[in-house]
Amino acid sequence: LNETVSRTYPGVTSALNNANIAFEVSGKLNELKVDVGSKVKKGDLLAKLDLRDFENSFLRAKSEYKRAKSHYERIEKAAKSNAVSKQDLTNALATFEEAEASYKIAKKVLEDGALYAPFDGEIVGKYVEQFENINAKQPILRIVDDSKIEMTVDLPERMRLAIGAVKDVWVRLDAFKDVIISAEIVNIGSEPSELTRTYPITVRFEKPEDLKIISGMVGEAGGFVNLKKDDFYTTIPSTSLLKEGEKVFVYKIEKGTNILKKQEITLFNRFPLKGDGVPVRGLNPDDVIVSAGVSSVIEGQKVKVK
């Protein structure tokens with residue numbers, strides 16, 4: 001026996017690709033080619049430091065590298081005819097390797113003096129102005145690619161267990177309540193929140209061209225879940241349980257009569273006992289049960305429901 005149910009959970013949008021961009025080296029900001037709102041393509045030059053010192057260091061390192069390389073090659077050739085000692089060859093090799101390392105470092109520093117767009121997107125944050133002195137790792141710009149948007153929602157344990165049965169996932173944003181956007185599940189959290197015991201689930205969707213959807217929008221994600229009867233469980237207080245031999249019961253309050261009826265239930269063994277209750281099977285989500293004092297009531301008794 002299966003039941004198809006619809007479930008929705010609140011969430012907030014975020015761009016699939018987003019990043020704060022920073023230089024790997026310190027220096028004076030000489031060029032800032034974009035502003036907030038600028039559209040950029042991957043590889044576009046965004047900003048550049050004053051490169052004169054970097055260029056001079058690079059040229060010196062390059063010159064020393066070439067000299068050391070040429071010297072090593074001459075010594076290596078001479079060593080083959082025993083014209084120089086092994087120590088001369090070892091020294092020449094060490095000098096060459098040191099010069100090569102310095103050259104590579106200087107080249108990297110020169111390259112790091114320019115910032116390029118890591119992906120297509122829009123500049124949404126600018127944290128410095130041209131000609132400022134910039135420290136390494138200091139955020140300069142923020143870029144987002146909002147062509148694809150994600151939303152993360154928190155699912156309770158019961159729905160996390162049934163995630164494989166979810167189909168027809170969709171997203172609806174508070175700003176566009178009449179628009180349902182098709183989505184897909186891209187990430188399923190495996191560790192629950194210690195506070196809420198919920199699991200983070202991320203869904204992704206493509207932004208409709210006619211809607212201005214940005215990061216931080218509030219909405220909800222939903223879908224249809226085809227649950228097997230054995231996947232249903234309800235968490236109830238442990239004080240609700242009435243044990244008789246090997247069987248476990250609760251007192252359920254019959255609708256319309258407020259008369260107690262003994263209902264057999266089974267512990268849902270996929271989850272251990274928790275501080276806020278016991279997961280059980282055999283109850284419907286809308287059932288009302290006696291939560292405490294079960295030893296003081298009997299089946300058939302009429303009770304008042306607060």
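Colleague: Contact means that heavy atoms lie within 4.5 Å of one another; now, what kind of model is this?

Modeller: This is a predicted model, in which local features need pLDDT of at least 70 and side-chain atom pairs count only at pLDDT 80 or more, while totals for chains, interfaces and linings use all residues. Residues are numbered from 1 along each chain as its sequence is written, and side-chain values use heavy atoms, with hydrogens and water left out.

Colleague: Which helices and strands make up the secondary structure, in numbers?

Modeller: The protein chain has three helices and 18 strands, where helices (H or I, at least four residues) and strands (E, at least two) are DSSP runs numbered from the N terminus.

Colleague: Why is the chain called more spread out than a compact globule?

Modeller: Its radius of gyration is 34 Å, well over the 19 Å that the globule rule gives for 306 residues, so the chain is more spread out than a compact globule. That radius is taken over C-alpha atoms, and the rule is 2.2 Å times the number of residues to the power 0.38. Along the principal axes, the C-alpha atoms fill a box of roughly 110 × 55 × 35 Å.

Colleague: And how much of it is buried?

Modeller: Buried residues make up 38% of the 306 residues, with buried meaning under 20% relative accessible area, exposed over 50%, and partly exposed in between (1.4 Å probe, protein chains only).

Colleague: What share of the contacts joins residues 24 or more positions apart?

Modeller: Among contacts with a separation of 6 or more, 72% are between residues 24 or more positions apart.

Colleague: Let's zoom in: where is Ser240 found, and is it buried or exposed?

Modeller: Ser240 sits in the loop between strand E14 (234–236) and strand E15 (242–244), and it is buried, with a relative accessible area of 0%.

Colleague: What is Ser240 in contact with?

Modeller: Leaving aside neighbours within four places in sequence, Ser240 is in contact with Phe249, Val250, Ile289, Val290, Ser291 and Val294.

Colleague: And what about Ile163, buried or exposed?

Modeller: Ile163, in the loop between helix H3 (157–161) and strand E9 (166–173), counts as buried at 12% relative accessibility. Again leaving aside neighbours within four places, its contacts are Leu155, Ile185, Ile188 and Ile201. The C-alpha atoms of Ile163 and Ile188 are separated by 8.5 Å, although these residues are 25 residues apart along the chain.

Colleague: How about Arg52, exposed or buried?

Modeller: Arg52, which lies in helix H1 (residues 52–80), is exposed, with a relative accessible area of 58%.

Colleague: Over to strands: which strands form the open sheet?

Modeller: Four strands form it, in the order E5-E4-E2-E7, with antiparallel pairing. Strand E5 (114–116) and strand E7 (133–134) stand at the edges, each with a single partner strand, so one side of each is left without a neighbour in the sheet. Two strands pair if DSSP finds at least two bridges between them, and strand E2 (residues 27–32) pairs with E7 over two bridges. Gly27 has Ile134 in E7 as its bridge partner.

Colleague: How does E12 pair with E8 and with E11?

Modeller: Strand E8 (residues 139–155) pairs with strand E12 (residues 199–206) in the antiparallel sense over eight bridges, and Ile149 stands opposite Phe205 in E12. Strand E11 (residues 184–188) also pairs with E12 in the antiparallel sense, over four bridges, with Asn187 opposite Thr202 in E12.

Key:
Contact means heavy atoms within 4.5 Å.
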